[in-house]
Amino acid sequence: MSAGTVLLTVLLAGLAAAVGAGLRHLADHRWGGRGVLLANVTASALAGALFAIGFGPGSADPEGPAGAALALGAAGAFVLALGTWSTVAFQAAQEVLAGRTRRAVRVWLVHLASGTAAAVVGVLAVGFLVR
């Protein structure tokens with residue numbers, strides 16, 4: 001991979017991360033805790049799809065591995081910035097400090113279960129579309 005491709009990957013990843021973080025911020029302010037859940041589920045589904053694209057059958061692209069790396073790098077940065085697991089940890093910590101430990105556990109369970117299910121759906125969707 002050339003230095004120009006690496007630089008372009010870093011720049012696109014930064015831009016994609018900024019967009020993902022902006023969308024997450026908007027969702028959080030628009031819908032509060034549900035916006036955080038929406039951001040995490042969406043990020044998990046996209047992460048599952050990226051995993052399937054990057055590591056599934058036929059993922060090796062002999063025509064343009066640098067282009068594939070560029071696209072996956074930028075998309076990965078978007079997904080990582082969109083997901084907001086630190087906010088979930090903060091929400092759960094607030095619940096524990098307020099004496100609502102069961103609610104804190106529910107917050108984590110809902111995010112983890114729905115995120116895992118969304119990631120599986122993302123993998124399956126790519127598998128279905130690639131056939």
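**View 1. Arg24 and its contacts in the predicted model.** Leaving aside neighbours within four places in sequence, Arg24 is in contact with Ala39, Ala81, Leu82, Gly83 and Thr84. This close-up, like the others here, comes from a predicted model. Arg24 itself is found in helix α1, which covers residues 3–31. At 26% relative accessibility, Arg24 counts as partly exposed, because that class lies between the buried cut-off of under 20% and the exposed cut-off of over 50%. While you are here, look across to Ala43: Arg24 and Ala43 are 19 residues apart in sequence, and their C-alpha atoms are 9.7 Å apart in space.

**View 2. Where helix α1 packs with helix α2.** The axes of α1 and α2 are 6 Å apart and the packing angle is about 145°. Their crossing is right-handed. Which residues make this contact? From α1 come Arg24, Ala27, Asp28 and Trp31, and from α2 come Gly33, Arg34, Gly35, Val36, Leu38 and Ala39. Sorted by class, the contact of α1 with α2 has five nonpolar, two polar and three charged residues.

**View 3. Helix α2 from end to end.** Helix α2 runs over residues 33–55 and has 23 residues. From its first C-alpha to its last it reaches 32 Å, close to the 33 Å expected at 1.5 Å a residue. Buried in α2 are Gly35, Val36, Ala39, Asn40, Ala43, Ser44, Gly48, Ala49, Leu50 and Ala52.

View 4. Not counting residues up to four places away in sequence, Ser44 touches Trp85, Gly115, Ala118 and Ala119.

**View 5. Helices α4 and α5 side by side.** Helix α4 (residues 85–97) and helix α5 (residues 101–130) have axes that come within 7 Å and cross at roughly 160°. That angle makes α4 roughly antiparallel to α5, because angles over 145 degrees count that way. α4 passes α5 in a right-handed crossing. On the α4 side, Trp85, Val88, Ala89, Gln91, Ala92, Glu95 and Val96 make the contact, and on the α5 side Thr101, Arg103, Ala104, Val107, Trp108, His111 and Leu112 do. By class, this contact of α4 with α5 has nine nonpolar, three polar and two charged residues.

Terms used. Residues are numbered from 1 along each chain as its sequence is written. This is a predicted model: local features need pLDDT of at least 70, side-chain atom pairs count only at pLDDT 80 or more; totals for chains, interfaces and linings use all residues. Side-chain values use heavy atoms; hydrogens and water are left out. Axes are lines fitted to C-alpha atoms, for helices over the stretch in contact, and angles run from 0 to 180 degrees between N-to-C directions. Helices (H or I, at least four residues) and strands (E, at least two) are DSSP runs, numbered from the N terminus. Angles under 35 degrees count as roughly parallel, over 145 as roughly antiparallel, 65 to 115 as roughly perpendicular and the rest as oblique. A crossing is left-handed if the near helix is turned anticlockwise from the far one by less than a right angle, and right-handed if clockwise. Contact means heavy atoms within 4.5 Å. Ala, Val, Leu, Ile, Met, Phe, Trp, Tyr, Cys and Pro count as nonpolar, Asp, Glu, Lys and Arg as charged, and the others, Gly among them, as polar. Buried means under 20% relative accessible area, exposed over 50%, partly exposed in between (1.4 Å probe, protein chains only). The expected span of a helix is 1.5 Å times one less than its number of residues.
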